[in-house]
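Hi there,

Here is the structure I promised to pass on to you. Have a look at it first, and then read my notes below.

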Amino acid sequence: MKKYLILIITAAALSSCKKWLDVKPLTEVEQEVLFSTEAGFMEAINGLYTRCAQQDLYGKELSVGFPDALAQNYTVSPEDPNKYRQTLLYNYKDGDFVTRRDAAWKGLYNVIANSNIILEHVDKQKGVLTQPVYAIVKGEALAMRAYCHFDVLRLFAASYAAEPNGKGIPYVTAFSKDVPRMYKTGEAIDLMLQDLNAAKELLRTADPILTPGYKVGYDAVTDSSNEKDGPLFTQERRHHLNYYAVCGALARIYLYKGDHPRALFNALEVINANKFPWTKQSDFLNPDEEKKDRMLYKELLFAVYSANSETTDALRRLLRDGVASLYINLQEGRNIYETGGVGGEDFRYKQWFSEQAYSSGTYLRLEKYTRDPDRNIHPQLAPALRLSEMYYIAAECSFDTDPAKAWEYFNTVRLNRGIGTPRNDPSKAVFMEELVKEARKEFFGEGQIFYMYKRLNISFPGSFGSTIPATSSIFVLPFPDDEIAFGNR
Amino acid sequence: MEQRYRIRINYVGNTVNGIYADAPPAKDPGVSMIDYLNDFLRSLGLEAEPAGKDQYIIFRKEKSRPASQPAKPAAGVEMEALNTTTPGATAPATLQQQSTVSGLVTEESGLPLPGVTIVVKGTFNGTKTNENGKYRLTNVPPNGTLVFSYIGYKSMEVKVEGRTAIDAKLLTEVQSMKDFVVNGYQKLQKDNYTGSAIVITGEELKHFNPQNILQSIQARDPSFRLVENNIAGSNPNQLPNINVRGTTALPSGTPGQLSRNQLASITNLPLFILDGYQVSIQNIFDLDFNRIETVTLLKDAAATAIYGSRASNGVCVFTTKAPKEGALELYYNYELNVTTPDLTAYNVLDAGQKLEYERLAGLYAGNEVDGEEALERLYYAKKKNVLSGINTYWLSQPVSNDFGHKHSVSLQGGSSSMRYGVDVRYQTNNGVMKGSGRDRYSLSNTLSYSPRSHKLLFRNQFTISQVKGTESPYGSFADYVKMNPYYPIYDSNGRLLREMDKWNYRSAAENSAIRTEHVLNPMYEATIGSFNKQEYLEFMDGFNVEYNPSGQWRISGNISLIKRKQTNDHFISPLSNLFYSYAGDQLKDRGTYEYGTEDFTQVDGSFTINHNEVIRNEHFLNFSLGTNIQSTSSTLRSFKAQGFTNDRFTDISFARMYEKDAAPQGGVTEQRLAGVFLSFNYSFQNRFLMDGTVRVDGSSKFGSDSRMAPFWSYGIGWNLHKEKFLQHTPVSQLRLKATTALTGDVSFPAYLSNTTYQYYTGEWYSTGVGAVFNAYGNSRLKWQRTHNYDLSVELGLFQDRVYFSPRYYHKLTTDLLADINVPSSTGFERYKENLGEMVNKGFEVYMRANVFRSRNWSVNLNLNMVHNTNVITKISDALKNYNDDVDKQQQENPDLKAVPLLRYREGQSLNTIYAVRSLGIDPENGREIFLNLDGTRTYDYNVKNTVPIGDQTPKLDGYFGGSVIYKNFMVEVSFYSRLGGDIYNQTLVDRVENASPWYNVDARALDARWKQPGDQVFFKNIADMGNTLTSSRFVQRENRVELKAIYLSYEAPASFYKRLRMKNLRCALNMNDIAYWSSIKLERGIDYPFARSFTFSLSTRF
């Protein structure tokens, strides 16, 4: 009898103990605690973007860094203090390149993992979220998961055009320590589209950017912009993956897959919304640094807010530290922007580059990210999706059916960049050549042009008139060693 | 009555047993105390006799009852556990052939004991020893038993067996403690216990080193090992790291933990238990030595399993002295401690040699920085110093011989129901670096109350301690070692020089820009008001209730609270050399103040039920059922301020601002632990022994999927000396024991098992602050498990005058907490998992012999040695990856190029030294020849050729020594020896080959380096300024002997101390770390020199 009594007491003690042993940390936040309030979900969503804004991702590397180096946009000095020479030579075994590549992979998947945790909790905790917040949180988390996967795909998998059933990438939809499964390129793209379309449906119901009164504009100018209205979390929709950003991403990915009708549909949804006005020349060319808009801010569908002093310093070191930085050979720059011909008056060349003298001549410094150090009409940003890209997508997708319309989209962008001479040519080859050249000018220092070469699987111009052949050894970055080793890839 | 009349009544335990009486009416003032007592006692068949002032002894009246009436055997818990109640001993003595027995009663040290009561067991026939400890007792039956008893000593029973002369040696109660194993929950008789436990008395510890408890424990048990700290030397504020039977944890594979010195940061400490509750190593480090009664070291898992998840690294159980009943007594102890630096490990160049070395090293040959003329001027300026006789011995500048005092007063007394004790301590301990020290003050109070029936006992003990540690303002000792001897300290006016030298060099980092190196006087740092101190105030209270409803049951509850508040203040004066190069705007930012606090709270409670049972005098059973809960929380806060105006206003409020671009630091850690255990102990006729323990532990650190963990132990033993065939042989003790157990370890950080979020506090996103997850929390995380196997033999010969005990152990630690790499597409790179295995096995030998014994002399020898082998049997990929990372770091990080770094390989030990194999110096050109992995020779160093070279684990290490007692004198000597371990001689690398010739170097840099072709030397070319890298050349086999301790004591004779109204008087002298002989020459005590210490102590009792 005594024995039983002891057993019962012990059992009772043990079960109440279990609760007592569950200690909540006070200086760290447990996931369950974070996701018990609406504010926690908002913080987690903000966390996704803050993570994206770090220097290993869009804060520096994936915007200004190695993808543009791979596209041969830069020149480096013999000392090469920033260690990009081997990247320019496509030496994918170079230690510095490997470090940056691995950091990008890890960073993107880290954002994905963060999205997955949010998605795991958002439906469980539907009760604590109001409907619009639920839709925005879930929509943005889904969109972010797809957006980051797409950049992994564009870096590490053969293009859809080259190998639609290529090895692909891991498409991760759960936060777990289990080795994520690989999806073929086509499968991965379909998963991204699925996530993005779901996100689009969710955001359609809740995104304030869709309200007719929502106007994009400059933060610092008291014009009719109302991007700062409403609760903090739903302000600055263009710093989040908003409804139009999702449309833009869909257009981008459909185009990558070669699904022109759907790409066009989504691109046109953005264009026809007329939400994003072309930047006024007076803003772009404003001599007053504080009022100057080099970023073409109003045209951004989505950009990562990266106004962190460390990031700003890092960008300054990378781009503005004399010839020790990534710079542009004067002649190369002039060739890219066709300054001897049609680009003689291109605002972009004039505003985004400055001629700097150095011991053996003159070079071009990239000024796209230059701002007044104290104040500016828009914050420091890493551009991610632009209105011009929508026009380019629309143009490319409509050329086969309506070349004139295609040239019209093309010329619209050029016109807004100061190139008044419209082009028109029935040849698709000519059109594509012109389009690629324009895209390179437009996306300089934004990390997009390399993906375009890859998507089209075309050879592209290297330095001093050379040509880089379209081969997978250049277009497909090897997976990180750890991924191969621990994931059996 | 004792309380009422302020008298003391003494009696032998079984005199009054079984007699009950009501309290007598109050005494008439006219009646003398002795008459009053006798009036009352007469009816009870007792008689009182005066024995000194206010002291009375009670006897049974000689003729009142026939001796044939057997007295009931005493039936206390303790007596049961002692198993002394064998039926034969209680039989009444027969009256035939009674004889007279006489003899001498002494205490363990051989001093005669007056006043000891000797009674024939079961009768009322007794006597007392005289002034000289001699007694004579008539009418003793030859088959009877004599019981010797004396207050403060353990009673002893001796069978007469027809003898007429019986000498007895009484052990003090403390010494008799050694017969028991106190494990914090139970008190078990050592004879019947299968676990491996060492019991050391506080007094024994003092014989080794009265300044350092942990050091003293190490000397008594070889498997309790303080990890040598060559960097911190004898810094009195440095807490040691301890291993018990080898390391059982892996450092987590973060790339930060590279060098071996950081290996010392692995938390592998044993569990410390003070009077039943857990305390930190710091509590023990600062504990008042005089309060310790015993230390029980539980080493094998059978002994520690009762602590379950905390048991893997051994348990150290401390018990403090309980106040004894009796009139007020005052103990006083004084210690004078002198520390003196031991600089014998240093051998640096003198002024003339140093300058010659600089010349040979080519400092004054053209160097493309300065012109030849400028260099020549520099050389001759120094030469002038040398010739004018400047030869500063920098090593002696920051050190001094220092004194420390300790006064310790203890008051105690009380009646059998109410006892009290108060301990006060004042202790200063100054280190050999000037200005460093650790001062400790403590006050503790013990109250115990037991109501009349003695079935209940309440005991409360509280302690307040204040400890203040100060670091030397003189800075690191290494700064003095490298100072050139031709620098004067003071200028011609006797003022301290600040800048002593400067030269130009080309910076490798900044595109070969020319920079100037300034040599600043380290002595200057001590004159400018900087300080670095930590202080804590601690309150500890332990409350204990014990209920003994009968001799067989004991129920006890324990609750304790520890609260500690610690503050750290680190002020660096704006005038410090650190800010020498500050200019312009920076000037106002000179001077920093770092302030930190820690609040620590621990509540620990336990509840235990003990039951013992004797069945047919053959089966002895002992059960314990207990539970224990513990909750700790610690809060840390710190911040830093900068910008001080001068060195006079050092309060933090004078700071200009907080540290630039820095945030305050802080952290809160909470841990909870709960456990239930059941333990049983069985012996059959004291011959066959069996022990077993089961404990279930839950910890807040475990993952939510595995909150509860079971642990167990099982042990068997055989007391061969109780068998017939060993009776009447020289073998007085022979015991075989085997145990096995499963124990755990939870010394990993809290919260690893939860996925937690962190905020981007420093980074704002345009729509609010962001949060991302920290790391993947493995909810299946569980405790590390150690499977233990232990075999031991205890052999005692000639009444244990020779004692020999070899032990073998095997510890397999599985589920080692290790980082597991996952493909980073999961979103993280690694997580914590229980993977990895490590084996520690080894043997320990204890030997003790009383080689000579006579009336006045006693000579004892003792030896304890241990050999431990550590093998990593399984590691995770993350650690393998870590090795590659280490290779890379070693190649790239200039600070790590010449240091053997920690690597992990299966089949190797954690103590393996990894380096590139070297064939030595080529006599042809003074370059080092390396071996590639394939055995070919090369001059080119490649870190990929790194292989395991040696093992730091010694073949054998331990202590040996002996003691001699002559009358009232005692000498005890202890040596430590370490045989056959490898050491990477960092001195040869850092201070000979890689030493910058601009600074002072080891003397071997001048005389033992290669200078011309044909030189067959150990060191490379003297003019070779290139970096020497980690190679096997510097791995040396070490044999070492240290004279660790000498203890001298003198016990004043009674005639002397009685004149001073004292109850005893003893003076003692301890000498510690006296001498050191090693087969290799290594600089020891890099940041803080080692010290010799001398302690004179005086203790007395009033």
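H9(A) and H10(A) cross in a left-handed way (the near helix is turned anticlockwise from the far one by less than a right angle). Contact here means heavy atoms within 4.5 Å, and on the H9(A) side it involves residues including Ile189(A), Leu193(A) and Leu196(A), while H10(A) brings Val246(A), Leu250(A) and Ile253(A), among others. By type, the contact residues comprise 14 nonpolar, one polar and four charged.

Before going on, please note that this is a predicted model, where local features need pLDDT of at least 70 and side-chain atom pairs count only at pLDDT 80 or more, while totals for chains, interfaces and linings use all residues. Residues are numbered from 1 along each chain, chains are lettered from A and ligands numbered from 1 as written, and side-chain values use heavy atoms, without hydrogens and water.

The axes of H9(A) (residues 185-206) and H10(A) (residues 243-257) come within 9 Å and cross at roughly 155 degrees. The two helices are therefore roughly antiparallel (angles over 145 degrees).

Is Arg145(A) buried or exposed? Arg145(A) is buried, at 8% relative accessible area (buried means under 20%, with a 1.4 Å probe and protein chains only). Arg145(A) sits in helix H8 (residues 131-156) of chain A. Beyond its neighbours within four places in sequence, its contacts include Tyr171(A) and Asp195(A).

In chain B, Asn235(B) lies in the loop between strands S14 (224-226) and S15 (242-244). Asn235(B) is buried too, at 12%. Leaving aside neighbours within four places in sequence, Asn235(B) touches Glu471(B) and Tyr1088(B).

Best wishes

How values were computed:
Axes fitted to C-alpha atoms, helices over the stretch in contact; angles between N-to-C directions. Helix = DSSP H or I, 4+ residues; strand = E, 2+ residues; numbered from the N terminus. Parallel < 35°, antiparallel > 145°, perpendicular 65-115°, else oblique. Nonpolar A, V, L, I, M, F, W, Y, C, P; charged D, E, K, R; others polar. Buried < 20%, exposed > 50% of the residue type's maximum accessible area, 1.4 Å probe, protein only.
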